[in-house]
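Subject: Structure for your attention

Dear colleague,

Please find below the structure that I wished to pass on to you. My findings follow directly after it.

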Amino acid sequence: MDLRTEEHTQRSFGLVVIRFVDPTITFMQVVPQGTSLFSGRRISDMISRWFSELLTYFGLAVGDVASTTTDSSAKVQKAMRLLPAEWVLSVSHALHNSVNHALGGASASGRHDDVPHSAQRETGEKPATKELVKRVRKLVGLFEHTERSSAIYRELVAEGEDEARSLVSDVTTRWRSTYDTLARSYTVYNRLRHIFDTADIGARALKCRSSSNDWNRM
């Protein structure tokens, strides 16, 4: 379950995804239930009640749930602990908090729980690191949307790589997105380094070039 507040408003929405698991055959079926409006005060009792009512609407009882997985928000965590099911921290959210903390943003404990996700991403980042992330985002966009640069990226023969691995876009509302973007860019460093050394790369692409210090910081 993911509960978020819409930017520039007081409205909250919750996304619930139900996973049916059969441990005897290691089978899991994922059934997204869409996004629902959360009405009322965002306190643990209200969150727990809202979640229980959603389960009833989906034809499930609280007792049918073996475990719940959410972010580390204190209010959401407390709400889930009011239920009999075991509460499990979302690994993606924990990874997001760790990366955000490394970038100089929100603390690793996730203290900005009630701040919209996109706002958390930009709060208090270290200037040098913020500039690095900005360049990486532009670089990914360049190879995704510029046909010439994309062709050079795919066709380049890089030592130790059988084929070009696609770069990953940074999506504001996806918890581990920044980590995935930086990690993939780092793993294809050899290919990117060779690309920027070719005569075919354009001036626009060169503006997105990262220095050795950038890669070390990453």
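Aspartate 180 is partly exposed at 22% relative accessibility, where buried means under 20% relative accessible area, exposed over 50%, and partly exposed in between (1.4 Å probe, protein chains only). Its side chain meets that of arginine 176 in a salt bridge (3.1 Å, N to O); the term denotes a side-chain nitrogen of Lys or Arg within 4 Å of a carboxyl oxygen of Asp or Glu. Arginine 176 is likewise partly exposed, its relative accessible area being 32%.

Please note that the model is predicted: local features need pLDDT of at least 70, side-chain atom pairs count only at pLDDT 80 or more, and totals for chains, interfaces and linings use all residues. Residues are numbered from 1 along each chain as its sequence is written, and side-chain values use heavy atoms, with hydrogens and water left out.

By the rule above, the count of salt bridges comes to 3. Side chains of opposite charge can pair when their charged atoms come close. Another of these bridges joins arginine 137 to aspartate 170, with 2.7 Å between the closest N and O atoms. This pair links distant parts of the chain, 33 residues apart: arginine 137 belongs to helix H5 (residues 127-145), while aspartate 170 lies in the loop between helix H6 (147-155) and helix H7 (177-187). Helices (H or I, at least four residues) and strands (E, at least two) are DSSP runs, numbered from the N terminus. Arginine 137 counts as partly exposed, at 30% relative accessibility. Aspartate 2 and arginine 4 also form a salt bridge, their closest N and O atoms being 2.6 Å apart. Here aspartate 2 is buried, with a relative accessible area of 13%, whereas arginine 4 is partly exposed at 25%.

The loop between H6 and H7 also holds glycine 160, which is exposed, with a relative accessible area of 82%. Between glycine 160 and arginine 191 there are 9.5 Å in space, C-alpha to C-alpha, and 31 residues in sequence.

On a 1 Å grid over the protein atoms alone, a pocket is an open set of points where a 1.4 Å probe fits, with protein on both sides within 12 Å along at least five of seven lines; lining residues have an atom within 4 Å of a point. Of the 27 lining residues, Met1, Val17, Ile18, Arg19 and Thr69 lie nearest the centre of the pocket. Two or more residues each come from strand E1 (2-5), strand E2 (12-22), helix H1 (44-57) and strand E4 (67-70). E2 contributes the most to the lining, with 7 residues.

Strand E2 also contains phenylalanine 20, which is partly exposed, with a relative accessible area of 39%. Phenylalanine 20 and alanine 66 are 46 residues apart in sequence, yet 9.8 Å apart in space, C-alpha to C-alpha.

Finally, valine 30 is found in strand E3 (residues 27-38) and is partly exposed, at 42% relative accessible area.

Yours sincerely
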